[in-house]
Amino acid sequence: MRRFAPVIAIAMLLSACGSDVSGDQAEASGEYAIDAETGETRMTIETENGSSTVRSGENVPVELPEGFSIYPGAAVINNTNFKDAETYGSMLVMETQDSPEDVAAFYRKQAEDVGIPIEFEMDSEGAQILGGKDGTGRTITLNATPEAGATMAQLLVGFDPAMAGD
């Protein structure tokens with residue numbers, strides 16, 4: 001499953017970052033590459049509305065928006081950074097020995113500290129799921145699941161590129 005995570009992530013990110021198209025479909029071109037040594041996946045799509053980039057892999061540098069960090073002591077299993085004209089962010093898959101409740105509490109606090117209200121929370125057989133969005137479009141989604149004596153956490157955060165501080 002870990003091997004397919006980047007492909008699944010890219011498909012999810014591209015669908016989330018899509019724009020509304022009516023009438024004639026816009027022309028698009030792009031590049032897709034997998035680094036044979038590292039397994040890193042890179043994708044760029046160019047349209048008349050601009051470009052979208054996705055970079056995914058175990059060793060891709062983590063670029064979380066200001067106010068967010070890797071869960072303390074967690075191992076990053078996969079990281080996906082994405083950016084287009086309207087959204088930038090990251091999707092991290094991490095593993096930790098801490099409980100899903102501890103992971104959820106950590107990211108709930110980070111979201112609230114940057115002004116993103118948590119709009120939904122769910123405890124499903126030990127898995128902790130939460131998500132929120134603020135008025136500027138900043139988003140967070142977390143799924144922390146107990147798995148074989150550890151917690152697997154998937155964190156997705158997205159912001160307006162103007163807030164990236166580039």
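Is Asp 98 buried, partly exposed or exposed, and what is its relative accessible area? In this predicted model, Asp 98 has a relative accessible area of 31%, and because buried residues fall under 20% and exposed ones over 50%, Asp 98 counts as partly exposed.

The protein chain contains 2 helices and 9 strands, which follow one another from the N terminus in the order α-β-β-β-β-β-α-β-β-β-β. Of its 166 residues, 36% count as buried, while the chain exposes about 9500 Å², of which carbon and sulfur atoms supply 49%. When contacts between residues at least 6 apart in sequence are considered, 46% of them join residues that are at least 24 apart.

A further loop, between α2 and β6 (118-124), holds Val 114. With residues up to four places away in sequence left out of the count, Val 114 touches Glu 66, Gly 67, Phe 68 and Arg 138. For one of these residues, Gly 67, the separation from Val 114 is 47 residues in sequence, whereas the C-alpha to C-alpha distance between the two is 6.2 Å.

How values were computed: Residues are numbered from 1 along each chain as its sequence is written. This is a predicted model: local features need pLDDT of at least 70, side-chain atom pairs count only at pLDDT 80 or more; totals for chains, interfaces and linings use all residues. Side-chain values use heavy atoms; hydrogens and water are left out. Helices (H or I, at least four residues) and strands (E, at least two) are DSSP runs, numbered from the N terminus. Buried means under 20% relative accessible area, exposed over 50%, partly exposed in between (1.4 Å probe, protein chains only). Contact means heavy atoms within 4.5 Å. Accessible areas come from the Shrake-Rupley method with a 1.4 Å probe; for residues, only the protein chains shown count as cover.
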